[in-house]
Amino acid sequence: MTPRLTSAMLVSALVRRADGAGGSAMVLAKGDATSGAILLLLLERGADPRFVERGIGPGGVAALLPSGPKALADEAEASAYWRRRRERDTDLWVVELDIAGAERFAAETMNLC
């Protein structure tokens, strides 16, 4: 079995690296520190909100997968979505990431590419 980083460590690395790169990352909800799922709300300059989450992609390798509604009208709709998810899964981490190339940045930080 290959050792892997805990969810808390991955989230911490994402937040610190985003800050260092001139972006921002904010933990909206803390989940299980060891193995909680991680849902990312990706933004670019506060616009174009979309969700991705860490999961198993094609070929059985870890990847960021699209999640949630295809189009979000505003911040309230995005907030409503992740809050519903947290009601069903209290171990879920929710992180808002606002940086250029947010999806690629997250995949690199979480070693998913």
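Helix α3 (residues 102-109) contains the buried residues A102, F105, A106, A107 and T109. Here buried means under 20% relative accessible area, exposed over 50% and partly exposed in between, with a 1.4 Å probe and protein chains only. The cover over these residues of α3 includes α1, β2, β3 (47-56), β4 (62-67) and β5. Contact denotes heavy atoms within 4.5 Å. The model is a predicted one, in which local features need pLDDT of at least 70 and side-chain atom pairs count only at pLDDT 80 or more, while totals for chains, interfaces and linings use all residues. Residues are numbered from 1 along each chain as its sequence is written, and side-chain values use heavy atoms, with hydrogens and water left out.

The protein chain comprises three helices and five strands, arranged along the sequence as α-β-β-β-β-α-β-α. The chain is as compact as a globular protein of its length, because its radius of gyration is 13 Å, close to the 13 Å given by the globule rule for 113 residues. The radius is taken over C-alpha atoms, and the rule is 2.2 Å times the number of residues to the power 0.38. Helices (H or I, at least four residues) and strands (E, at least two) are DSSP runs numbered from the N terminus. Along the principal axes, the C-alpha atoms fill a box of roughly 40 × 35 × 25 Å. Of the 113 residues, 40% are buried. Among contacts with a separation of 6 or more, 66% join residues 24 or more positions apart.

The largest nonpolar core has 19 residues, among which L14, I38, L40, L64 and L97 touch the most other members. At least two residues of this core come from each of α1 (7-20), β2 (38-44), β5 (93-98) and α3. A nonpolar core is a set of buried Ala, Val, Leu, Ile, Met, Phe, Trp, Tyr and Cys residues joined through side-chain atoms within 4.5 Å. A second, separate core of ten residues includes A29, F51, W82 and V94. Beyond its neighbours within four places in sequence, L14 contacts A25, L40, V95, L97, F105, A106 and T109.

M110 lies in the segment after α3 and counts as buried, at 6% relative accessibility. With residues up to four places away in sequence left out, M110 touches L10, I38, L40, R54 and L64. The C-alpha atoms of M110 and A100 are 16 Å apart, at a distance of ten residues along the chain. N111, which follows α3, has a positive phi near 55°.

F51 is located in strand β3 and is buried, with a relative accessibility of 2%. Not counting residues up to four places away in sequence, F51 is in contact with L39, L40, L41, L65, P66, S67, L72, A78, Y81 and W82. A78, in helix α2 (residues 75-88), likewise is buried, with a relative accessible area of 2%. Under that sequence exclusion, A78 touches L41, F51 and L72. Between A78 and G31, 47 residues apart in sequence, the C-alpha to C-alpha distance is 18 Å.
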